[in-house]
Amino acid sequence: MDHAAEAHRTDLMTITRYVLNEQSKHPESRGDFTILLNHIVLGCKFVCSAVNKAGLAKLIGLAGETNVQGEEQKKLDVLSNEVFIKALVSSGRTCILVSEEDEEATFVEPSKRGRYCVVFDPLDGSSNIDCGVSIGTIFGIYMIKEGGEPKLEDVLQPGKNMLAAGYCMYGSSCTLVLSTGSGVNGFTLDPSLGEFILTHPDIKIPKKGKKYSVNEGNAKNWDGPTAKYVEKCKFPKDGSPAKSLRYIGSMVADVHRTLLYGGIFLYPADKKSPNGKLRVLYEVFPMSFLMEEAGGQAFTGKQRALDLVPKQIHERSPIFLGSYDDVEEIKALYAAEEQ
Ligand code: FBP
């Protein structure tokens, strides 16, 4: 018997054990973050099981309501949002919740309040729900000042002030990718144990990639630098091989592939959507936080994405994120445009 392999196989690094280890590095910590994260993990497990059995449980299709973005809500959108709101409030560690599905921020009642603000997209990639293509949950965590009365400004902060961010992808396997500000780690749900096990330790995105990910259907509305960049991906003039296009249409899935394989994901502004499509607080910021923690970059076309200061909770922003060198190329094209 290969005892080393056996020892490794039986030495289960669950996400809770991982976060407790991280917590032990902060003697001042009271364990609140670990408790909060466990409630987020519970929400992800619930949504994972609901997504897996959606077709069987009649959870496919529309809920008959429209969200603040003017999008028709899917049954799974509404269910996921409800599960996360209840899990986060019942953690007793949150004070403000911002969800893609709710017009207003939720201020937790004082008796159940804690110091964390959670911004989240309960189910990202709605257009792919009914056809069983990978979708996900995205979240970011801020903390309010000690003893402060929670106010909206506590979430309208630059992304660089986030304490932690992550996403959970519901695909061929269920993978939760998390950063608490010291690197990025991926955990895969072992359905037989009901536990997220560390499978992708210390993820580092390759410095340069062979793939680009964008909805080319919007090409006619793109600005100069974006059009030039995608042209360069397809027809490089420096003798390097052309990049391959990969676009799933679920940000979680497209960013997950980009994080592991390298390359670039972009949802630029265009004449139709002058501020792009993706939302700053619960899509752009968490993914940019993870990308920088993994050695990549995230750029808005004007600035470092994490330096943005949102003015309202559902604000949108263009985004270019991925391998360091690939994002450098698009930054150079925008800089040239400025001159
Ligand atoms: P929601 O599904 O949560 O609204 O997210 C937006 C999203 O689906 C992203 O996941 C994805 O990257 C993008 O929109 C796809 O947009 P498009 O269909 O315009 O390419």
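Author: Before the strands come up, a term: helices (H or I, at least four residues) and strands (E, at least two) are DSSP runs, numbered from the N terminus. This is a predicted model, in which local features need pLDDT of at least 70 and side-chain atom pairs count only at pLDDT 80 or more, while totals for chains, interfaces and linings use all residues. Residues are numbered from 1 along each chain as its sequence is written, and side-chain values use heavy atoms, with hydrogens and water left out.

Reader: OK, how many residues surround the ligand, and which are the closest?

Author: The ligand is surrounded by 18 residues, where a residue is near if one of its heavy atoms lies within 4 Å. The closest are Asp124, Ser126, Tyr247, Met251 and Tyr267.

Reader: Which element gives the most to that shell?

Author: That is β5, with three residues; β5 (116-124) and β13 (264-267) each supply at least two. By class, the shell has six nonpolar, five polar and seven charged residues, with Ala, Val, Leu, Ile, Met, Phe, Trp, Tyr, Cys and Pro counted as nonpolar, Asp, Glu, Lys and Arg as charged, and the others, Gly among them, as polar.

Reader: And what lies 2.9 Å from an oxygen atom of the ligand?

Author: A polar side-chain atom of Asp121 does, and an N or O atom in the side chain of Glu100 is also 2.9 Å from a ligand oxygen. For Glu283, the side-chain N or O atom is 3.2 Å from an oxygen atom of the ligand. Taken alone, the ligand exposes 470 Å², of which the protein buries 89%, with accessible areas from the Shrake-Rupley method and a 1.4 Å probe.

Reader: Switching topic, what lines the largest pocket?

Author: It has 21 lining residues, and His26, Ser29, Phe33, Tyr116 and Met143 lie nearest its centre. On a 1 Å grid over the protein atoms alone, a pocket is an open set of points with protein on both sides within 12 Å along at least five of seven lines, a cavity is a set where a 1.4 Å probe fits but cannot get out, and lining residues have an atom within 4 Å of a point. The largest pocket holds about 530 Å³ of space, and α2 (15-24) and α3 (32-52) each supply at least two residues of its lining.

Reader: Then which residues line the largest cavity?

Author: They are Ile40, Phe84, Leu88, Val118, Phe120, Thr137 and Phe139. Two or more residues of this lining come from each of α4 (75-90), β5 and β6 (135-143). The lining of the largest cavity has six nonpolar, one polar and no charged residues.

Definitions and conventions: Polar contact = N/O pair within 3.5 Å; in protein donor to acceptor, adjacent residues only side chain to side chain. Points joined across faces, edges and corners; volume = space filled by probe spheres on them.
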